[in-house]
Amino acid sequence: MVRERKCILCEIVYSSKKEMDEHMRSMLHHRELENLQGRDCSHECRVCRVTVVGLSTYAKHISSQLHKDNVDAQEKEEQEEAEEEYFDKELIQLIKKRKEQSRQERHTPPKAEN
Ligand SMILES: [Zn+2]
Ligand SMILES: [Zn+2]
């Protein structure tokens, strides 16, 4: 049985842990994270277990050799499909809040500022 993994932030579903993990460290995901949390928010690299500040710093990090080595090592290491916590509670709340807001915006058309 294939368990689906969903990025609740980007609303993309993956059928394998490998794809999900790849997504979680992709620029696509981290750009979305920045949209949600604002500029210069922190970006966690789950593979290297480091947190960097700002999207450009993160982009630099994932193109570094150290990061690539860690990714390679992790992919070799992983055999079992362990369930992982991809989002902490705080982030889940933020995502929910944003969904609420966009739902409300759809119901009430934005008023003109002046
Ligand atoms: Zn995502
Ligand atoms: Zn890394």
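Mentor: We begin with Asp40, which has its place in the loop between α2 and β3. Helices (H or I, at least four residues) and strands (E, at least two) are DSSP runs, numbered from the N terminus. This is a predicted model, in which local features need pLDDT of at least 70, side-chain atom pairs count only at pLDDT 80 or more, and totals for chains, interfaces and linings use all residues. Residues are numbered from 1 along each chain as its sequence is written, while chains are lettered from A and ligands numbered from 1 in the order in which they are written.

Trainee: Is Asp40 buried or exposed?

Mentor: A residue is buried if 20 or more other C-beta atoms, placed from the backbone, lie within 10 Å of its own, exposed if 12 or fewer, and partly exposed in between. Asp40 has 12 other C-beta atoms within 10 Å, so Asp40 is exposed.

Trainee: What is the phi of Asp40?

Mentor: Asp40 is not a glycine, yet its phi is positive. The value is about 60°.

Trainee: Which residues does Cys41 touch, not counting those up to four places away in sequence?

Mentor: Cys41 is also found in the loop between α2 and β3. With 15 C-beta neighbours inside 10 Å, Cys41 counts as partly exposed. Two residues are in contact if their C-beta atoms, placed from the backbone, lie within 7 Å. Under the stated exclusion, Cys41 touches Leu33 and Glu34.

Trainee: In which sense do β3 and β4 pair?

Mentor: Two strands pair if DSSP finds at least two bridges between them. Strand β3 covers residues 42–45 and strand β4 residues 50–53, with four bridges joining them. Cys45 stands opposite Val50 in β4. The sense of the pairing is antiparallel.

Trainee: Which residue in the hairpin of β3 and β4 takes a positive phi?

Mentor: The hairpin has four residues between its strands. The residue lies in the loop between β3 and β4, and with 8 C-beta neighbours inside 10 Å it counts as exposed.

Trainee: How are helices α2 and α3 oriented to each other, roughly parallel or roughly antiparallel?

Mentor: Helix α2 (residues 27–37) and helix α3 (residues 55–62) pack at an angle of about 160°, with their axes 10 Å apart; axes are lines fitted to C-alpha atoms, for helices over the stretch in contact, and angles run from 0 to 180 degrees between N-to-C directions. Angles under 35 degrees count as roughly parallel, over 145 as roughly antiparallel, 65 to 115 as roughly perpendicular and the rest as oblique. The angle therefore makes α2, relative to α3, roughly antiparallel.

Trainee: How do the residues of the contact of α2 with α3 divide?

Mentor: The contact is made by Met27, His30, Arg31 and Glu34 of α2, and by Leu55, Tyr58 and Ala59 of α3. Ala, Val, Leu, Ile, Met, Phe, Trp, Tyr, Cys and Pro count as nonpolar, Asp, Glu, Lys and Arg as charged, and the others, Gly among them, as polar. The division is four nonpolar, one polar and two charged.

Trainee: In what order do the elements of the chain run?

Mentor: The chain has five helices and four strands. Of its 114 residues, 8% count as buried. From the N terminus on, the order is β-β-α-α-β-β-α-α-α.
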